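The exercises below ask the reader to examine a two-chain model step by step. Each task is followed by a worked solution.

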2 protein chains.
Amino acid sequence: MERLDRFAASLLVEWRVLKLPTTGAAVVVAVSGGADSTALLLALDELTKAEKLDLNLTVAHLNHRLRKGSHNDARFVSQLADALGYPAIIGRADVNKLANDDNLEQAARKARYAFLERTAKRTKATHILVAHTMDDQAETVLLRLVRGSASEGLSGMEAVRKISSSSRIEIVRPLLSWARRSDTEAYCKHRRVDFQVDPMNLDEQFARVKIRRQLLPLMQSFNNRIVETLSRTASLLREDSESLGGDAGKLLEQASRKSKEKGKTDYPALDVNVLAQAPPALRRRALRQWLSDGRGDLRRIERVHLLGVERLLEGSKGGRVAELPNGTRVRRIKGWLELIVKKG
Amino acid sequence: MERLDRFAASLLVEWRVLKLPTTGAAVVVAVSGGADSTALLLALDELTKAEKLDLNLTVAHLNHRLRKGSHNDARFVSQLADALGYPAIIGRADVNKLANDDNLEQAARKARYAFLERTAKRTKATHILVAHTMDDQAETVLLRLVRGSASEGLSGMEAVRKISSSSRIEIVRPLLSWARRSDTEAYCKHRRVDFQVDPMNLDEQFARVKIRRQLLPLMQSFNNRIVETLSRTASLLREDSESLGGDAGKLLEQASRKSKEKGKTDYPALDVNVLAQAPPALRRRALRQWLSDGRGDLRRIERVHLLGVERLLEGSKGGRVAELPNGTRVRRIKGWLELIVKKG
């Protein structure tokens, strides 16, 4: 047996760090045909043929039909899967039609993940592998930084997360913490596979391209390892967020306990005294969680709205109201915060 | 009485938010002669003359003697203080001589804060006012981002902090959370005072200038309010850090309790089981605090050293050692982490 290529060997190390199954599991690999996902597929293939992994692997590709030539990507992926000996499922979506509220990029992402989830269910897969690299992570961190995210957003993408809270299917990013884009390109070349040039950048995606082409290179002139640095910062901030999120959950539980016992309102009201004494970092997260649970989502809720709710906690007076988008209101009555959601 | 200028009125609002004394207190104002500190002095003067503040105010200026013309700054500050009717204390330091281990910029900052502290003691002042603006905060955040800081560093400068843990003198930055550099310049012009052009940028300071002239303008092309955005992100991350820091202190207390009772070593040893079960974000902070307490500082301790210490917590085996700079070692013996500091 030949020695593993360094790229495949690194993937195997990360595979073990993430405690992913090495044998028997069904997995879906999302392959766009670009260098990153092609390299991921090739490395999984190398590990399979070297008998390091024994997986039931399905290649998945969604044709977004957003531009001419997207069928070439689909054909490339399906031929590559065929040549390597894996089944490929090619989906189609007319993202232009789907994009309503969302911009094109969001619509494309939604369509892609919905397709991947369907494909995973159909193949009884437990893991969906996507090929985001450290460069994608650094870009995500900077994109969120310029848009005003704090630690949750700045922690970037997760290496492993459930596709939804009720599902047992996990999205896994086994390249995220170690692979550079230049590594995936070099590995494809080494394997003599011509990857497709990455799909045109859509719409709002423009900001990401500008980050890649302008902001990151400028930041690299301060720190030659800026991508690695941002990726590490993201993972430290993720640890912070997880710790704070857990504590905020406990705070929310504590602030709503009495109200739940009394069944005061449809949604549990929150005890003002409990919240007012909590550290601001936990209070802010607990209020976000409460609004999200009560309303179903945080759509259109901005920082200014949360500040309005936090201001209700000041002083000893009740009888005040904070107005939120879509007719949601938070009312302080005596020692309680009540959430009033406009019924659709 | 005339209406307050908007700049002075904003300073008064922040003064109340920070709960600073409005009457009777002795304060030192650090004035370099640049637009920011000149505007701060002028606004304090406006508030004093409008009888909003009644402070015992001393102007302090340190001549770093780093360049020709630095005596002009000193003369400008002393004449301005004189014209407004406040005493000025002008100090001198030969920063070039002081800079050994430190670079010039660090040496200058150390000399400046030491001078400000001496001046505060001499005048029995409780507060030292410095004129950092929101722009300085944004630059600090980005400087720390490119250097790899996580949430502690990315929270930037504090609006109020003790000059040292044992002192009751506070460093106050009353412009930090709201004033833009353009505001300070406009206010100086409005008051018809010619501020000095800011001192030449020293040495490593070069990175800060590049951030100001290149990185921030590029980021502004993504978000026109990038300075305000970064400043707000910093304050949210500060809240996170404070909450986590408090919990890490409790974790450290809990992990060292048994060892303190037994008087095991010079420095309390830490209970591996307690640390291993704690969330990574708290464990990391508790270990940093423990090393800092035991060694006196964290000089030359880098992320890689902390990772070495964290790895000692893995598995069940003792008898392993992590080497740190300056001969410090952390040893795992059975269920304990011991700190061994080389005696100077």
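**Exercise 1: A helix of chain A**

Task: Determine how the span of helix α5 of chain A relates to its expected span, and which of its residues are buried.

Solution. Helix α5 covers residues 104–122 of chain A, 19 residues in all, and its first and last C-alpha atoms are 27 Å apart, close to the 27 Å expected at 1.5 Å a residue. The expected span is 1.5 Å times one less than the number of residues. Helices (H or I, at least four residues) and strands (E, at least two) are DSSP runs, numbered from the N terminus.

Next, consider accessibility. The buried residues of α5(A) include A:E105, A:A107, A:A108 and A:A111, and also A:Y113, A:F115, A:L116, A:T119 and A:A120. Buried means under 20% relative accessible area, exposed over 50%, and partly exposed in between (1.4 Å probe, protein chains only). Finally, just after α5(A), A:K124 adopts a positive phi of about 55°.

The model is predicted: local features need pLDDT of at least 70, side-chain atom pairs count only at pLDDT 80 or more, and totals for chains, interfaces and linings use all residues. Residues are numbered from 1 along each chain as its sequence is written, chains are lettered from A and ligands numbered from 1 in the order in which they are written, and side-chain values use heavy atoms, with hydrogens and water left out.

**Exercise 2: Chain A as a whole**

Task: State how many helices and strands chain A has, and what share of its residues counts as buried.

Solution. Chain A has 13 helices and 10 strands. Its C-alpha trace spans about 75 × 45 × 40 Å along the principal axes. Of its 344 residues, 53% count as buried. Among the contacts (heavy atoms within 4.5 Å) in chain A with a separation of 6 or more, 69% are between residues 24 or more positions apart.

**Exercise 3: The interface of chain A and chain B**

Task: Describe the area buried between chain A and chain B, and identify which element of chain A gives the most residues to that side.

Solution. Begin with the area. The two chains bury about 3,200 Å² between them, 69% of it on carbon and sulfur atoms; buried area is the accessible area (1.4 Å probe) that two parts lose on being put together, summed over both. A:L145, A:V146 and A:F222 supply 19% of the area that chain A buries against chain B, more than any other three residues. The contact draws 38 residues from chain A and 38 residues from chain B.

Then count the pairs. Between the chains there are 17 residue pairs in polar contact (both at pLDDT 80 or more). A polar contact is a pair of N or O atoms within 3.5 Å; within protein, one must be able to donate a hydrogen and the other to accept it, and residues adjacent in sequence count only if both atoms are side-chain atoms.

Now identify the elements. Those giving two or more residues to the side of chain A that touches chain B are α6 (134–146), α7 (151–154), α9, α10 (226–262) and α12 (280–295) of chain A. The most comes from α10(A), with 12 residues.

**Exercise 4: Surroundings of A:R208**

Task: Locate A:R208 and list which residues it touches.

Solution. A:R208 lies in helix α9 (residues 205–220) of chain A. With a relative accessible area of 17%, A:R208 is buried. Not counting residues up to four places away in sequence, A:R208 touches A:D136, A:E139, A:T140 and A:L143. The side chains of A:R208 and A:E139 are joined by a polar contact of 3.4 Å.
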